[in-house]
Structures are given as structure tokens and as C-alpha cells.
Amino acid sequence: MGGGIMKLLSCFLILYLFLQVVAEASINNSIGLPDIQGKGEVAALYGIRRLPRINCRFACARRCMKASRKNVCTRACGTCCFRCHCVPPGTSGNKNSCPCYASLRTHGHKPKCP
């Protein structure tokens, strides 16, 4: 009779440990930790936020297509896009949609980004 109780207790212990692991895994996934493949966008536990990648070359070509000095515009836009990871829509203005882009300044305190 003592051997049967020990087997039963062992099974309950194994079941308890398994449920503990499953519960911990579900909690980690619900707070936004990256999954095993690294597809998680936010690691809330560490406060890490990944900025979305955009195609700066394409976005700046679209932004500077009507500029009188396209090379200068594209170079400045590329720097701003690399730093801010965004480019406002359209060929001019609309800087309120990308505050970082609008806040960058040159050494002379003029707006850096076209």
C-alpha cells in the first residue's frame, strides 16, 4: 500500500510542476516578451521598444521629388529618416505626423529635415 501512495504522489508532483511551467509561459507571453523566434515587438519587462523599419530611400525619393535641389533634399531627408524612422507624407509640410523629423535642427538652428 505504501508503494501505491508514493506513485500517486509522484504523479501529482509531476503534474503540478508541468502546470507551473505552462502557467509561467502563458504569463510571459501575455506581458509582451519576445517569443523564441524573436518576433515579439515589445519586451515590456525590459522596457525595450523596437521602431518599425521603413525604406528611407523610397520615402525620401517620394518626399524630395519636387525639390529644386533633389540631391541636397534627399541627403538631408535620409539622415532624418535614419534617426527618426519616419518621413512625413507628401512633398512638403505634414511634419506634425512625425514630431522627431520636425524637431531636428542644423547647427544654425534651422530645420534640418525637408
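The torsion about the S-S bond of Cys80 and Cys113 is about -95°, so this disulfide, a term used here for a pair of cysteine sulfur atoms within 2.5 Å, is left-handed. Cys80 lies in helix α3 and Cys113 in the segment after α4, so the bond ties together parts that are 33 residues apart in sequence. The structure is a predicted model, in which local features need pLDDT of at least 70 and side-chain atom pairs count only at pLDDT 80 or more, while totals for chains, interfaces and linings use all residues. Residues are numbered from 1 along each chain as its sequence is written, and side-chain values use heavy atoms, with hydrogens and water left out.

## The disulfides

By the rule given above, the count comes to six disulfides, and with bonded cysteines counted along the chain they follow the pattern 1-7, 2-5, 3-4, 6-12, 8-11, 9-10.

| Disulfide | S to S distance | S-S torsion |
|---|---|---|
| Cys80 and Cys113 | 1.9 Å | about -95° |
| Cys84 and Cys100 | 2.1 Å | about -70° |
| Cys86 and Cys98 | 1.7 Å | about 45° |

The bond of Cys84 and Cys100 is left-handed, and it links distant parts of the chain, with Cys84 in helix α3 and Cys100 in helix α4, 16 residues apart. The bond of Cys86 and Cys98 is right-handed; both of its cysteines lie in the loop between α3 and α4, so the pair ties together parts that are 12 residues apart in sequence.

For surface exposure, buried means under 20% relative accessible area, exposed over 50% and partly exposed in between, with a 1.4 Å probe and protein chains only. Cys84 is buried with 9%, whereas Cys100 is partly exposed with 31%. In the remaining pair of the table, Cys86 counts as partly exposed at 21%, whereas Cys98 counts as buried at 2%.

## Helix α3 and its two sides

Helices here are DSSP runs of H or I with at least four residues, and strands are runs of E with at least two, numbered from the N terminus. Helix α3, residues 70-84, has 15 residues and reaches 20 Å from its first C-alpha to its last, close to the 21 Å expected at 1.5 Å a residue, where the expected span is 1.5 Å times one less than the number of residues. The buried residues of α3 are Cys73, Ala76, Cys77, Cys80, Cys81 and Cys84. Seen down the axis of α3, these buried residues fall within an arc of 135°, so they line one face of the helix; the arc is that of the directions from the helix axis to the C-beta atoms. They pack against α2 (56-63) and α4 (99-103). On the other side of α3, Asn71, Arg75, Phe82 and Arg83 are exposed.

## The nonpolar core

A nonpolar core is a set of buried Ala, Val, Leu, Ile, Met, Phe, Trp, Tyr and Cys residues joined through side-chain atoms within 4.5 Å. The largest such core has 13 residues, and those with the most contacts inside it are Cys60, Cys77, Cys80, Val87, Tyr101, Leu104 and Cys113. The elements that give two or more residues to this core are α2 and α3, and α3 gives the most, with five residues. Contact means heavy atoms within 4.5 Å, and, not counting residues up to four places away in sequence, Cys60 touches Thr74, Cys77, Gly78, Cys81 and Val87.

Arg63 lies in helix α2 and, at 1% relative accessibility, counts as buried. Polar atoms of its side chain lie 3.4 Å from the backbone oxygen of Pro88 and 3.2 Å from the backbone oxygen of Pro89. Leaving aside neighbours within four places in sequence, Arg63 is in contact with residues including Cys77, Val87, Thr91, Lys95, Tyr101 and Pro114.

Most residues other than glycine have a negative phi. His85, found in the loop between α3 and α4, has a positive phi of about 60° although it is not a glycine, and at 25% relative accessibility it counts as partly exposed. His109, in the segment after α4, likewise has a positive phi, of about 65°, and is exposed, with a relative accessible area of 67%.

How values were computed. Polar contact = N/O pair within 3.5 Å; in protein donor to acceptor, adjacent residues only side chain to side chain.
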